[in-house]
Amino acid sequence: MKKQIANWGNYPVIEANEEYFSFPDRLRELILKENGFIPRGNGRCYGDASLAKTTISTLKFDKILSFDRQAGIFECQSGLTLDRILDVIVPSGWFLPVTPGTKFITVGGAVASDVHGKNHHIDGSFSNHVLEMDIVLASGETISCTPGIHGDLFEATCGGMGLTGVISRVTFRLKPIETSFIRQKQVKAGNLEELIRLFEEYREYTYSVAWIDCLKKGPHFGRSILMLGEHAGVKELDPKRQNDPLQLPKKKQVNFPFNLPSWVLNPFSVRAFNFLFYSKNFKKEINNVIGYEPFFYPLDAILHWNRGYGKKGFVQYQFVLPLESKRGLVEILHRISDKGLGSFLAVLKVFGKQESIISFPKEGYTLALDFPVKPGLLEFLDELDRIVLQYGGRLYMSKDARMKPEILQHGYPDLEKFKDIVRKYNPDEKIRSIQSDRLLLTTN
Amino acid sequence: MATILILGATSDIGMTIARKFASGKFDILLAARKPEQLQPLESDIHIRYGVNCRSVAFDALQYGSHSEFFSSLQPKPDISICVFGILDDEEQAFNDWHLTERMIHTNYTGGVSILNVIAKYYIARKKGTIIGISSVAGDRGRASKLIYASAKAAFTTYLAGLRNKCFKDQVHVMTVQPGFVYTKMTENLPLPKLITSTPEEVADLIYKAYLKKKNIIYVKWFWRYIMLIIQCIPEFQFKKMKL
Ligand SMILES: Cc1cc2nc3c(=O)[nH]c(=O)nc-3n(C[C@H](O)[C@H](O)[C@H](O)COP(=O)(O)OP(=O)(O)OC[C@H]3O[C@@H](n4cnc5c(N)ncnc54)[C@H](O)[C@@H]3O)c2cc1C
Ligand SMILES: NC(=O)c1ccc[n+]([C@@H]2O[C@H](COP(=O)([O-])OP(=O)(O)OC[C@H]3O[C@@H](n4cnc5c(N)ncnc54)[C@H](OP(=O)(O)O)[C@@H]3O)[C@@H](O)[C@H]2O)c1
């Protein structure tokens, strides 16, 4: 049935025919019947990666197939969302090997965007932990692949934005934990140089991420808070919690009821940041033990916070620059703060090495921030793209709704190889999205 | 541990009912035409909720097999819920007796056949619960749901009679009247968002109503009033309406 759909940025909004399936037979039927479709998970990518005139939603294909509680190996259908997985694995002493900043994404989406977390420099991206998966090709055939068997298909599916086929089943390795809590350290940095020094000083920490104030100019340009974390051991919990160290967080969420005018969210995050930054007990650093939800998913506490940007929506801009291009980072941040179009906060992380043909992460600094859609924005982002390329960086397709094909081309040296594999498994370009058409990954 | 039998378990509503009762620590018996399709749901339920879950073959239209089907179940279910149903294109069915007959038999005759067997067993033991999913469509006949609505009306009436018949033997019968629900059955129909439920909402309400031993529930509650209003329209006027 036709309906209006959009991903997390509410930009663009399109009319699409959304199909669902609960059983593999029906998926095969849909794939054979439809011409020009894209698999869709929970629509948490920001832009147009999972939009097309027909989408095949995996959300009803969400069964847990096996969970080896001794070995920490988990097998499920691709439409299962991470929040449901956490409910099952955490009480048994396991955690996701890699998690993005929201738990409301599907396993299929985690593979297709090859998502990264705050631990990329230690644990790599999601696909590094995938042992095996099934992919249903455009021909309707199902292929099981591992990094070694049908390795080309495996490699092009991780980060391949759905273009090789519909991922239907995934087996991946979990990470052992003693408790469901995180030992957190927050450190204040007065400016960007200090922040980068701190990242290096604390590089042994499993989890790290920083919030940067993009508006501050002068000597405090780049003032920020670095957040570091480790899974807490039982002995680090206060005695009350020690008899139930793997407890799940209580479910409570507030819903953002409707689209707010776009000025509301900014002051909100400004206030949250300033509150933290100037808080009396935050001299230089705070150390505490908190639940995994506020550490990994602070934004999930407000369902539909994206509506805070209003009806016109927003785009998220995320790029990575090689470690040696710190100057590029400074230049881009300056541009953003001068122009004043962006959100107040930007998120900075460090990526470790990664070997893959189409996944976004590569060693360096990655910065992400939101831009409410406004006149002049697209031109400005094109300008930023050129700086990113000039410093040897690239953009994340999962956040993208607007980049030009040449930006992708220059940022991803293995792009031709990727396209060849897509052509091999999706020869008639039956599987295509608005994004793949725009980026000329599929030809119109 | 108590067991629930779900007849028509491959349905979108049936699968969510299975998860809901499993979360309440019921063991689950899934009955469907193609039980092999349900293996993933079996493992899902077992892993999430730690209860037993298995699937058995069942076809609502094979009346002759129903008695044997039920006697082969071990352990016997404490609750049996009848979820299967079918909604074909009514215009096509009007012109094709085969389709009309299948719609009547799936929505009515099949339910009567299997529930008679189960009711006899529960009556003899003086305990058990039967839940039947009918539809608000059965509350008034209309052109666009000619056969489906009449079969559901018959099924609703059967459930009311069965409730009356079983009452003295402590067997409880609950009728569920869903309005619009987003499922496979309705995926090509434009449903008004405000009054359409999700299968999860249906399963939640059925579970709560089961615990409270309700007789008849509408899902959601306002459908009772929507249908009351529709039933109040005088026939001379109703027959002229396009519904
Ligand atoms: C608040 C927030 C924080 C985020 N933080 C991070 C972060 O820290 N790190 C990070 O990497 N990402 C992050 N993201 C992005 C998000 O993790 C990815 O976009 C993810 O892919 C979304 O998954 P989804 O299930 O919603 O899929 P969708 O958004 O529906 O689809 C995303 C892509 O996956 C493809 N896809 C989905 N399912 C399948 C399938 N079964 N088979 C084949 N292809 C499929 C789609 O075609 C599309 O190309 C964040 C998003 C939000 C909203
Ligand atoms: N969706 C709505 O808006 C709505 C509204 C009111 C009432 N209802 C009722 O709710 C119930 C569940 O339907 P649903 O919406 O969840 O639709 P659904 O997903 O289409 O389910 C229908 C189910 O009936 C099963 N079935 C059909 N013929 C059968 C037979 N001969 N033997 C055994 N099973 C048979 C199907 O099994 P297969 O998988 O083998 O085909 C399927 O699982 C139905 O009784 C329906 O009438 C639905």
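## Salt bridges, aromatic pairs and a charged patch

In chain B, the side chains of Lys126(B) and Asp169(B) come together in a salt bridge, at 2.7 Å from N to O. Lys126(B) sits in the loop between H5 and strand E5 (128-133) of chain B, while Asp169(B) belongs to the loop between helix H6 (146-166) and strand E6 (171-178) of chain B, so the pair ties together parts that are 43 residues apart in sequence. With a relative accessible area of 44%, Lys126(B) is partly exposed, whereas Asp169(B), at 8% relative accessibility, counts as buried. The model described here is a predicted one.

Over all chains, a search of the whole structure finds 43 salt bridges. Three of them are set out in the table.

| Salt bridge | N to O distance |
|---|---|
| Lys126(B) and Asp169(B) | 2.7 Å |
| Arg102(B) and Asp88(B) | 3.2 Å |
| Glu18(A) and Lys3(A) | 3.9 Å |

In the bridge between Glu18(A) and Lys3(A), Glu18(A) lies in strand E2 of chain A and Lys3(A) in strand E1 (residues 2-5) of chain A, so parts that are 15 residues apart in sequence are tied together. Glu18(A) counts as buried at 9% relative accessibility, and Lys3(A) is partly exposed, with a relative accessible area of 32%. The side chains of Arg102(B) and Asp88(B) also meet in a salt bridge. Arg102(B) is placed in helix H5 (residues 97-125) of chain B and Asp88(B) in the loop between strand E4 (79-82) and helix H4 (90-94) of chain B; Asp88(B) counts as buried at 17% relative accessibility. Elsewhere, Asp62(A), Lys63(A), Arg19(B), Asp44(B) and Arg48(B) are joined into one network by salt bridges that share partners.

The search of the whole structure finds 33 aromatic pairs over all chains. One of these is the tilted pair of Phe21(A) and Phe61(A), with 4.9 Å centre to centre and 40 degrees between the planes. This pair links distant parts of the chain, 40 residues apart, with Phe21(A) in the loop between strand E2 (14-20) and helix H1 (24-33) of chain A and Phe61(A) in the loop between strand E4 (54-57) and strand E5 (64-68) of chain A. Phe21(A) is buried, with a relative accessible area of 2%, and Phe61(A) counts as buried at 4% relative accessibility.

On the surface, a patch of positive charge gathers Lys208(B), Lys212(B), Lys214(B) and Arg224(B). Among them, Lys214(B) has its place in the loop between helix H7 (199-211) and strand E9 (216-219) of chain B, and is partly exposed, with a relative accessible area of 37%.

Definitions and conventions:
Residues numbered from 1 in each chain as written. Chains lettered and ligands numbered in written order. Predicted model: local features only at pLDDT ≥ 70, side-chain atom pairs only at ≥ 80, totals over all residues. Heavy atoms only, no water. Patch = residues over 30% accessible without salt bridge, like charges linked within 9 Å, V, L, I, M, F, W, Y side chains within 5 Å. Areas by Shrake-Rupley, 256 points an atom, 1.4 Å probe, with all protein chains shown as cover. Salt bridge = Lys/Arg side-chain N within 4 Å of Asp/Glu carboxyl O. Lys, Arg positive; Asp, Glu negative; His and termini not counted. Charge placed at Lys NZ, Arg CZ, Asp CG, Glu CD. Helix = DSSP H or I, 4+ residues; strand = E, 2+ residues; numbered from the N terminus. Buried < 20%, exposed > 50% of the residue type's maximum accessible area, 1.4 Å probe, protein only. Phe/Tyr/Trp six-rings, centres within 6.5 Å; stacked < 30°, edge-to-face > 60°.
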